[in-house]
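Here are my notes after a pass through the model you sent. Have the structure open while you read.

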Amino acid sequence: MSTEVPAQAATAVPNAATTTSAASAKTTEAPASTTKTTTASTSHTNAQPHADPARATSTSAATATETARPRNAELNTSQGTEIYDWSRHTFVTPTKHITTAHDVTLFAKSRTHDQLMAFIRCLNDSVLMIPTTTTKCTVSPAAQAVLDLLDELSRWADEIEPLKEQCRFGNKAFRIWHEKLKQTAAALHRAFLPATLQNAVIELVPYFTESFGNETRIDYGTGHELAFLAWLYVLVATGFFGPADYRAIVLRVFIRYLDVVRKLQQRYKLEPAGSHGVWGLDDYQFLPFIWGAAQLVDHPNLDPGSVLSPALVSRNCQDYLYFACIKYITDHKKAPFHEHSPDLYNISATVSWRKVNVGMQRKYEIDVMTKFPVVQHFLFGSVLPWVS
């Protein structure tokens, strides 16, 4: 059972240079977020769920503030604004720059960090109170091209059989799959990008190949998920996607990506990269919990505590990404929920989905965007540059 409200004004594209969509279809957009502040104190207990997702792994009090948009994070798409010509842009091969704790501090204060967080919020706004099964989600030619690309990668996983070896993690057949990805990624990008963005292949491909796990360690984690977010960001910033595509990016493209990486995780036994163990939201993902909570804001029948009911989870997993994530976890972990996922169990005590949504965004900044083991692998290029 799902509920949805009509979408409203379009959300601005988060980028420093003005652009237009190369291939997007018309659809309505979710309203932009407003500034909200929540304060919560935290402590761990298995007896009582904890109410603050932003600090569910901390023992100190915290104030989580959601700003509508960081400075310089919006793109003016109004009539009469000069359009940036990306066909003349000098794209570069993105590279790593974070090697010390000080670099993490610089990154946390950088415009690139702010742009990525603004992008997460823009996508978040596009699915506020919108179920996954909504009919109000137009798949443009651009979105369909990316869906076809992800389907191709999924077929490769079907064709490349796991090697017959006894191992808990890390089936080496994943290296065969990943090598095929690296060998064909440039050609795959040239096939769906318009002529004006062919020179962007050099910058897009490294983000894309990084999005599906590490072939040496045979692992996958939130850093790879972040690389996919960066890939989507570059496609938006350069005009391949427009604001009208935001909802489809979350409800169609990202969910298809989730299907692919979960197939890889299961088929090739990818090890969780940088997992927090039982105190992590999920062994591999984070973003679907943010956007999944956005879908449930102001839901008349479901509250955060509903995730503790297996029947409600099963009934609503097709309509809501958050419930789909909970079902995936409980299907693959057999211990009681409060034991294998104490963080999510504690978050179920939060008073509203809106607080969960705001807290999840803050938690993402803490657990992903400012964690050295994660961001040390992040790639910086011309669209998402390193601190000058």
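Does D298 count as buried or exposed? Point 1 has the answer, after a word on the source.

This is a predicted model, with pLDDT of at least 70 needed for local features and 80 or more for side-chain atom pairs, while totals for chains, interfaces and linings use all residues. Residues are numbered from 1 along each chain as its sequence is written, and side-chain values use heavy atoms, leaving out hydrogens and water.

1. D298 counts as exposed, at 54% relative accessibility (buried is under 20% relative accessible area, exposed over 50%, partly exposed in between, with a 1.4 Å probe and protein chains only). You'll find D298 in the loop between helix 8 (287-295) and helix 9 (310-316). Its phi is near 60°, a positive value in a residue other than glycine. M129, also not a glycine, has a positive phi near 65°, and M129 sits in the loop between helix 2 and helix 3.

2. **The overall picture.** The protein chain has 14 helices and six strands; these are DSSP runs numbered from the N terminus, helices being H or I with at least four residues and strands E with at least two. Of its 388 residues, 54% count as buried. Take the contacts between residues at least 6 apart in sequence: 81% of them join residues at least 24 apart (contact means heavy atoms within 4.5 Å). The accessible surface comes to about 15800 Å², and carbon and sulfur atoms own 52% of that (Shrake-Rupley method, 1.4 Å probe; for residues, only the protein chains shown count as cover).

3. **The nonpolar core.** The largest nonpolar core has 110 residues, and W177, F212, W231, Y322 and Y364 touch the most other members. A core here is a set of buried Ala, Val, Leu, Ile, Met, Phe, Trp, Tyr and Cys residues joined through side-chain atoms within 4.5 Å. Helix 7 gives the most to this core, with 13 residues. As for W177, leaving aside neighbours within four places in sequence, its contacts are L153, W156, A157, I160, F212, L264 and Y268.

4. **Helix 3.** This one spans residues 141-159, so to speak a 19-residue run, and reaches 27 Å from first C-alpha to last, close to the 27 Å expected at 1.5 Å a residue (the expected span is 1.5 Å times one less than the number of residues). Its buried residues include V146, L150, L153 and W156. Among the elements covering them are helix 4 (173-192), helix 5 (201-210), helix 6 (222-237) and helix 7 (246-267).

5. **Helix 5.** Eight of the ten residues of helix 5 are buried, so the helix is largely enclosed by the rest of the structure. The buried set is V201, E203, L204, V205, P206, Y207, F208 and T209. Their cover includes helix 3, helix 4, helix 6 and strand 6 (379-380).

6. **Aromatic pairs.** There are 29 of them in the structure. Rings of Phe, Tyr and Trp (its six-membered ring) pair if their centres lie within 6.5 Å, and planes under 30 degrees apart count as stacked, over 60 as edge-to-face and the rest as tilted. F228 and Y257 are stacked, because their ring centres are 3.8 Å apart and their planes at 5°. F228 lies in helix 6 and Y257 in helix 7, so the pair ties together parts 29 residues apart in sequence. F228 is buried at 0% relative accessible area, and Y257 is buried at 0% too.

7. Y322 belongs to helix 10 (residues 321-332) and W353 to helix 13 (residues 353-369), so parts 31 residues apart in sequence are tied together. Y322 is buried at 2% and W353 at 4%. Look also at R262, whose charged end sits over the ring of Y328, 4.1 Å from its centre (the test is NZ of Lys or CZ of Arg within 6 Å of the ring centre and within 35 degrees of the ring normal).

8. **N124.** This residue is in helix 2 (residues 111-126) and is buried, with a relative accessible area of 2%. Not counting residues up to four places away in sequence, N124 touches I290, W291, A294, N357 and Q361.
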